[in-house]
Amino acid sequence: MNSERVKRPSKAASKSARKARFYEGVVAVLDAHAPCGCILTVLFLVLACSPSDTPRTVAESAGARASRLGAPTPPPPPGSLDLTSLSHRGALGTLPLVRISAPHEPISNGPARFEGYPVESVLQLLVSKEQIADPKTRLRFHLADGRTRTVDADALRDGGGILAVRDLDAPRGRQWRAHPRGQFEMTPGPFYLVWETRSGDERHPWIAQVERISMETVSAMDSPAFPRHAPTAEPGFHLFAKHCLACHSINLSGGRLGPELNVPLSVMETMPRAVLRTYIRSPRAVRATATMPDFISLTDDELDDLVEYLHAMRLAKVCATQIDCARFRGQ
Ligand code: HEC
């Protein structure tokens, strides 16, 4: 029955697209669809864009390789939870084991039943209740192939997620069903973040092949784009983080779709203020071929705040010459 379900062509294009995205784990793209109203999301995007984050190639992690070869796995860094070693040591056995049936599981594209640990109880081994509730806490799921995905900790708090350790419809003697993936087959273990009622919105993604979870706190103030020296520019920073940082970097921190706006020369030094305001509202009023979206809906006050922020940041450059900036980027 299961193989039948797997082989049947997918019912709707959207479903197969979702499935393909799931397989490919295009982390940055998925996260780019997250609600942009939240600065933390945008800041995460910045993290997601940084080269150290998620290698897009499907490479086996050093840990996975080492443990497969029987070599000792290096101890996980502090603030992280190595699920595979916890389960070897039986530490997870102290947690409640529950069963769920999910009407729609994205890999098989159908109903599925799992056994596992409520993700909330697993996380309490890693994070305090207060940290889980803190909107600044993010959990990074480290996958067997070396990629990572992040999830807001508070989304896991009451979402009913389960870290599954077994597919209840797996063939006898197996923990997981094998699913076709290109020419190969994949199994979603060793741990699979699943949801009983959610079919996988951005805040509640299904995440297969989890080996380790680590916690990170995203603080706006840690960013080189934050106007530490100019508190009056903070409202503008928050607007910039909400609307612009996904595409533009300030002090080389931010997105790369659009140009860096602060170093070595700030836009405040290259564009007259009035032109800058026009550019932000309607880029094609300045450059006929500009691809940046319009921001017509920004109010005059918001535009003032944005410009004040950009103006303030020109006094807090991380580098001020081409050579310095190249060196800074090379770090
Ligand atoms: C979807 C990506 C995207 C977003 C969001 C975005 N921009 Fe841009 N921006 C670009 C791109 C790409 C360019 C390069 C020129 C072009 O194609 O428009 C650009 C160019 C600019 C320039 C001209 C830079 C120069 O030196 O010529 C300024 C100023 C600018 N953006 C400011 C902003 C501000 C402020 C925001 C937020 C309100 C913002 N942008 C949001 C993509 C974006």
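Okay, let's start at one spot: Pro 190 sits in the loop between β8 (184-186) and β9. Those labels are DSSP runs numbered from the N terminus, with helices being H or I of at least four residues and strands being E of at least two. What joins Gly 189 to Pro 190? A cis peptide bond, with omega about 5 degrees.

Before I go on, two housekeeping points. This is a predicted model, where local features need pLDDT of at least 70 and side-chain atom pairs count only at pLDDT 80 or more, while totals for chains, interfaces and linings use all residues. Residues are numbered from 1 along each chain as its sequence is written.

Now the overall picture. The protein has 14 helices and 12 strands. Of its 331 residues, 32% are buried; buried means 20 or more other C-beta atoms within 10 Å of the residue's own, exposed means 12 or fewer, partly exposed is in between, and the C-beta atoms are placed from the backbone.

Back to cis peptides. Another one joins Val 263 and Pro 264, and there omega is about -10 degrees. You'll find Pro 264 in the loop between β12 (253-254) and α11.

Next, some backbone angles. Asn 251 isn't a glycine, yet its phi is positive, about 55 degrees. Leu 252 also has a positive phi, near 65 degrees, and isn't a glycine either. Asn 251 lies in the loop between β11 (249-250) and β12, and Leu 252 is in the loop between β11 and β12 too. Buried or exposed: which is Asn 251? Asn 251 counts as buried because it has 20 C-beta neighbours inside 10 Å. Leu 252, with 18 other C-beta atoms within 10 Å, is partly exposed.

On to the cores. A nonpolar core here is a set of buried Ala, Val, Leu, Ile, Met, Phe, Trp, Tyr and Cys residues joined through C-beta atoms within 7 Å. The largest one has 31 residues, and Phe 141, Leu 163, Leu 193, Val 194 and Val 210 touch the most other members. Which element gives the most to this core? That's β9, with 5 residues. Take Leu 193: leaving out residues up to four places away in sequence, Leu 193 touches Val 119, Phe 141, Gly 161, Leu 163, Trp 206, Ile 207 and Val 210. Touching, or contact, means C-beta atoms, placed from the backbone, within 7 Å.

Then there's a helix pair. The axes of α10 (residues 234-243) and α13 (residues 300-313) come within 7 Å and cross at roughly 100 degrees. Axes are lines fitted to C-alpha atoms, for helices over the stretch in contact, with angles from 0 to 180 degrees between N-to-C directions. So α10 and α13 are roughly perpendicular; that label covers 65 to 115 degrees, while under 35 is roughly parallel, over 145 is roughly antiparallel and the rest is oblique. Among the α10 residues that meet α13 are Phe 237 and Phe 240, and on the α13 side they include Leu 306 and Tyr 309.

Last stop, the ligand. It has 21 residues around it, and the closest are Cys 244, Cys 247, Gly 258, Ala 290 and Met 292. Near means a C-beta atom, placed from the backbone, within 6 Å. The largest share of that shell, 3 residues, comes from α12. By class, the shell has 16 nonpolar, 5 polar and no charged residues. Nonpolar covers Ala, Val, Leu, Ile, Met, Phe, Trp, Tyr, Cys and Pro, charged covers Asp, Glu, Lys and Arg, and the others, Gly among them, are polar.

Note on methods. Two residues are in contact if their C-beta atoms, placed from the backbone, lie within 7 Å.
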